[in-house]
Amino acid sequence: MERIREDFPILAQTVFGKPLVYLDNAATAQKPRAVIDALTRYYALDNANIHRGLHQLSERSTAAYEETRAKVRRFLNAAEDREILFVRGTTEAINLVASSYGRPRVGRGDEVLITTMEHHSNIVPWQMLCEEKGARLRVAPINDDGELLLDEFEKLLGPATRIVSMAHVSNALGTVNPIRRIVEMAHRRNIPVLVDGAQAAPHFPVDVRALDCDFYALSGHKLFGPTGIGVLYGKAALLEAMPPYQGGGDMIASVTFEKTIYNRLPHKFEAGTPDIAGVIGLGAALDYLASLETEGRAAHEEDLLDHATRTLAAIPRVRIVGRAKQKTGVVSFIVEGVHPHDIGTILDREGIAIRAGHHCAQPLMERFGVPATARASLALYNTHREIDALGSGVRKVLEVFR
Ligand SMILES: Cc1ncc(COP(=O)(O)O)c(C=O)c1O
């Protein structure tokens, strides 16, 4: 663990004179030196635009960019490199599907099915599409532990459902959804499924072919990579049938003023100069993850979550929000009589970074009857000692707000 922590330079600092305890990993994860070095190396040695120059630097940049596509393909176990599209993040990936897949296929009276536990980025793009088309957004309910009610979900799948879009892991609750079963239910009715994997990919291996999902979205910055880069996986047959999301350079095969012939996959969906450095940094993050021992990492993260849950649950006036049997990475909680923002501020003075707010999931907060929660979110470099510091910090909150 100490060796892993040394790979993340930011963790070595103090905040208000206390060792930094970074427990806001669901918002964004810290970057290992390998990623930071890859970015510096790229700008210092290789910087050039891709896919167009015939010179050395452009060839090197293009090769590194396309090698990362192959790394992502392996990371997700996708069938082909052309099924991997680089986008800005999960938000852009979902907007791309809502626009390019949704617009031509969703019409008046049709339905899009999501769940109560979605991040705003998996609500608003569908709401915008439904408004434009006169379609209806349906929402599958959850129980008080924050688990999807599968029977209710299945009842909402009908002849009008055009697509299901849902989180693999909830950012506000940590619930892990049974995506394989959900895909089976949807596919039996020929309904495609988009999985928002923003909070899943940082915690466990994802196999898009085993899940058989149609689209899978993730954000590089939550996966120990740079900000501004993300991935949309889509089955080739679906991506082939979809129109481009944006027009511009690189996404064309030929252009006249009368007509443009679009480029082949994946370039059809990557208009303009992409975030080349971001892609290369993401590649370095995936290499870094691949260098870690998977089973030991999973056991460590499971142990951390268990320790965090027990530590917080043992404190008077603390209520944990989200007690699903299958959880990863997140403990959301409230302290009776204290606003979550005050919890966040007091913990900050102890050097502890958590998130306090609605976590871009206001409808979910409403479901639990709270305006906000405090959220500790974990990553592979967190330790038992840090969880103990969180416990002591929350006990201090109780002293301040007696
Ligand atoms: C479950 C989930 N979906 C989508 C997003 C949006 O990701 P981004 O802001 O990187 O596009 C987040 C970010 O917190 C998330 O947790």
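The briefing below covers the ligand's surroundings and then the cavity search.

This is a predicted model, in which local features need pLDDT of at least 70 and side-chain atom pairs count only at pLDDT 80 or more, while totals for chains, interfaces and linings use all residues. Residues are numbered from 1 along each chain as its sequence is written, and side-chain values use heavy atoms, with hydrogens and water left out.

**Ligand site**

- The ligand is surrounded by G89, T90, T91, H119, S121, N171, D196, A198, Q199, S219, H221 and K222, where a residue is near if one of its heavy atoms lies within 4 Å.
- By class, this shell has 1 nonpolar, 9 polar and 2 charged residues, with Ala, Val, Leu, Ile, Met, Phe, Trp, Tyr, Cys and Pro counted as nonpolar, Asp, Glu, Lys and Arg as charged, and the others, Gly among them, as polar.
- Polar side-chain atoms lie 2.5 Å from a ligand oxygen atom in the case of T91 and 2.6 Å in the case of K222, and a side-chain N or O atom of H119 is 3.4 Å from an oxygen atom of the ligand.
- The protein buries 85% of the 390 Å² that the ligand exposes when taken alone, by the Shrake-Rupley method with a 1.4 Å probe.

**Cavity**

- Searching the whole structure finds 1 cavity of 30 Å³ or more, a cavity being a set of points on a 1 Å grid over the protein atoms alone where a 1.4 Å probe fits but cannot get out.
- N25, A29, Q199, P202, H203, K222, F224, L378 and A379 line the largest cavity, each lining residue having an atom within 4 Å of a point.
- That lining divides into 5 nonpolar, 3 polar and 1 charged residues.

Conventions:
Polar contact = N/O pair within 3.5 Å; in protein donor to acceptor, adjacent residues only side chain to side chain. 1 Å grid on protein atoms, 1.4 Å probe; cavity = no way out; pocket = protein on both sides within 12 Å on 5 of 7 lines; lining within 4 Å. Points joined across faces, edges and corners; volume = space filled by probe spheres on them.
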